[in-house]
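I opened the model and kept notes as I went.

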Protein chains: 2
Amino acid sequence: MAVYTEIPPAQLAAFLGQYELGELVQLEGIGAGTENSNFFLQTRAGSYVLTLFERLEPAEIPYYLHVTEWFSQRGIPCPAPIHARDGRILGELCGKPAAIVQRLPGQSIEGRAATEPEIIALGELLGRMHLAGKDFPERHRNPADFSWCQEMARRLLPKLSPDERELLVEEREAQKFWPRDKLPGGVIHADLFPDNVLFEGDRITGTIDYYYAGDDAWLYDLAVVANAWCSQPDGSLDKDMAALLWQSYERVRPFARQEHGLWFPFMRAAALRFWLLRLEARHFPRAGQLTAQRDPEEYRRILLRRQEFC
Amino acid sequence: MAVYTEIPPAQLAAFLGQYELGELVQLEGIGAGTENSNFFLQTRAGSYVLTLFERLEPAEIPYYLHVTEWFSQRGIPCPAPIHARDGRILGELCGKPAAIVQRLPGQSIEGRAATEPEIIALGELLGRMHLAGKDFPERHRNPADFSWCQEMARRLLPKLSPDERELLVEEREAQKFWPRDKLPGGVIHADLFPDNVLFEGDRITGTIDYYYAGDDAWLYDLAVVANAWCSQPDGSLDKDMAALLWQSYERVRPFARQEHGLWFPFMRAAALRFWLLRLEARHFPRAGQLTAQRDPEEYRRILLRRQEFC
């Protein structure tokens, strides 16, 4: 259960009163999501999502809302923020930063493997997202970039088993020497897992949960997606699916010369990142964290299987 | 048939190339609409509407696109413009100003009378639209306002039958003395007929065709809607429906003291406007106008029946 905050009706009414969305019909907590309290909000005007930000610094939040507004305006299906009467997109509710965003149609495919048409749609969408974000004017560090990985590895080492420690040291050393700069890049979603993509048939109707977005190499985002969508239960890569993803992405955003040869190293780097994120949640849980933790082992297996290629 | 312009595939591809919407899947002309060439545009990214502006001055068009973007950002369902890669919302195609906007779900109820829940939803939506537009920063004259009516009446008089002429002279004189200024107002849609409102069940999922929008008294917009949605075939007002409309609107936007007593005069003024618009289309047809003309008689009947009340 990921709804942390209970909202008293009077406070909700006062908050909604700042918007032009009419009377409340229903508010329903959403179980998914790990960082915020999310609610399906139905008013006389339509269906929205209400988010209370539980983790992010208030100063950081506008970036994510601006990114989704920008993408939405460019035809990338994502939850554009709703403006209050005074134009603001970020308010306060129950003492927390709060925003209302569009609710998108469609369903995630979570719980089953993606089909070929779904992977093709995903590759194309990711390419379009990258190109659409090219001129986005705000800069924002990828909050779990390489330097974060190095620091998190340092903090985690004393907590790990000997096997884990050996793998982590090996990866940290190996990845130090991979090129990262001067690759084509811009805004990346950085967390486009199956639960963050909504489909109607083979068509993508929504991409959600932009709260790990930041600036980084585009290839890195593609590698995150390849690991999350094209891995088999033993961690090995489904190469046919990964090839489809790559090809459909490339049709939209052709690769630059300096990106060739980095596809497998980047999948390995992306696997390390999610292994570290999950180890962090296990070994340094945040106070009040109620969310089901994701298994770090899944990404240790993926990481080990990616070592086979580079 | 309201599709005026045939678009050569190469020009369409070049135009689409400015957006991040992926490859064309299908383009299909839309028969409805009287002022522009409209097409359902399907790309790999989703479903949109492509509009070629056939009548409006290029300098006027940004206003309408800004209005819909503003309303959309405030939760009023309407076709927000899609931005090209360089951020522009207005381009050029086949030598004409052209824009891509969102395609909204839902169906118009055209061809049947509205139900009570639909009228209630409509009144609420109109109230919300008026309040949502309150701080919209651009000013734009209602292109068919009272002074337009006076000028159009002058041009039409020599063309009309004696009966029509008598009615027009009477209305023109009577309406000169009605208060128009200092009433609460702002952006009004001014043409919210049944074909411009999309429903899913009783819920409004879209308001379209903002090309008559401008600044005017809010009550005037409500009067346009009352005539268009609550008139019986003989032109008489369905008073139960009009009362429902009024009440549901008022729940969202309470009336000011100076608006009381003006409801019936404004329905009469709005009826005159649409009678004149339709007479104009009949007597001064524009070159190349292919659209089915709407019958002025319908609005002459409405106008005559509104005289009964004031």
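**Entry 1: the two chains**

I looked up the chain contact and found that 19 residues of chain A are in contact with 19 residues of chain B. Two residues are in contact if their C-beta atoms, placed from the backbone, lie within 7 Å. Helix α3 (residues 116-132) of chain A gives the most to the side that touches chain B, with four residues. I sorted that side of chain A by class and got eight nonpolar, five polar and six charged residues. Ala, Val, Leu, Ile, Met, Phe, Trp, Tyr, Cys and Pro count as nonpolar, Asp, Glu, Lys and Arg as charged, and the others, Gly among them, as polar.

I noted the source of all this: it is a predicted model, in which local features need pLDDT of at least 70 and side-chain atom pairs count only at pLDDT 80 or more, while totals for chains, interfaces and linings use all residues. Residues are numbered from 1 along each chain as its sequence is written, and chains are lettered from A and ligands numbered from 1 in the order in which they are written.

**Entry 2: symmetry**

I asked what rotation superposes chain A on chain B. In chain A, the C-alpha nearest the axis belongs to Q73(A), 5.1 Å from it. I also noted that 95% of the interface residues of chain A are interface residues in chain B too, so the copies meet through the same surface.

**Entry 3: domains of chain A**

I found chain A divided into domain 1 (9-102) and domain 2 (116-309), with bounds from an automatic or database domain assignment. The centres of the two domains, taken over C-alpha atoms, are separated by 27 Å. In the contact, 17 residues of domain 1 of chain A meet 19 residues of domain 2 of chain A. The domain 1 side has eleven nonpolar, four polar and two charged residues.

**Entry 4: α6 and α8 in chain A**

I then turned to helices, which are DSSP runs (H or I, at least four residues; strands are E, at least two) numbered from the N terminus. Helix α6 (residues 218-229) of chain A packs on helix α8 (residues 263-283) of chain A at about 70°, with the axes 8 Å apart. Axes are lines fitted to C-alpha atoms, for helices over the stretch in contact, and angles run from 0 to 180 degrees between N-to-C directions. α6(A) and α8(A) are therefore roughly perpendicular to each other (65 to 115 degrees; under 35 is roughly parallel, over 145 roughly antiparallel, the rest oblique). The contact residues include L219(A) and Y220(A) of α6(A) and F266(A) and M267(A) of α8(A). By class, the contact of α6(A) with α8(A) has ten nonpolar, one polar and no charged residues.

**Entry 5: two helix pairs in chain B**

Helix α3 (residues 116-132) of chain B and helix α7 (residues 239-252) of chain B pack at about 40°, with axes 7 Å apart. Among the residues that meet are I119(B) in α3(B) and W246(B) in α7(B). I counted this contact of α3(B) with α7(B) by class as eleven nonpolar, three polar and four charged residues.

The axes of helix α4 (residues 146-156) of chain B and helix α8 (residues 263-283) of chain B come within 10 Å and cross at roughly 45°. α4(B) and α8(B) are therefore oblique to each other.

Notes:
Copies are superposed by least squares on the C-alpha atoms of residues with pLDDT of at least 70 in both.
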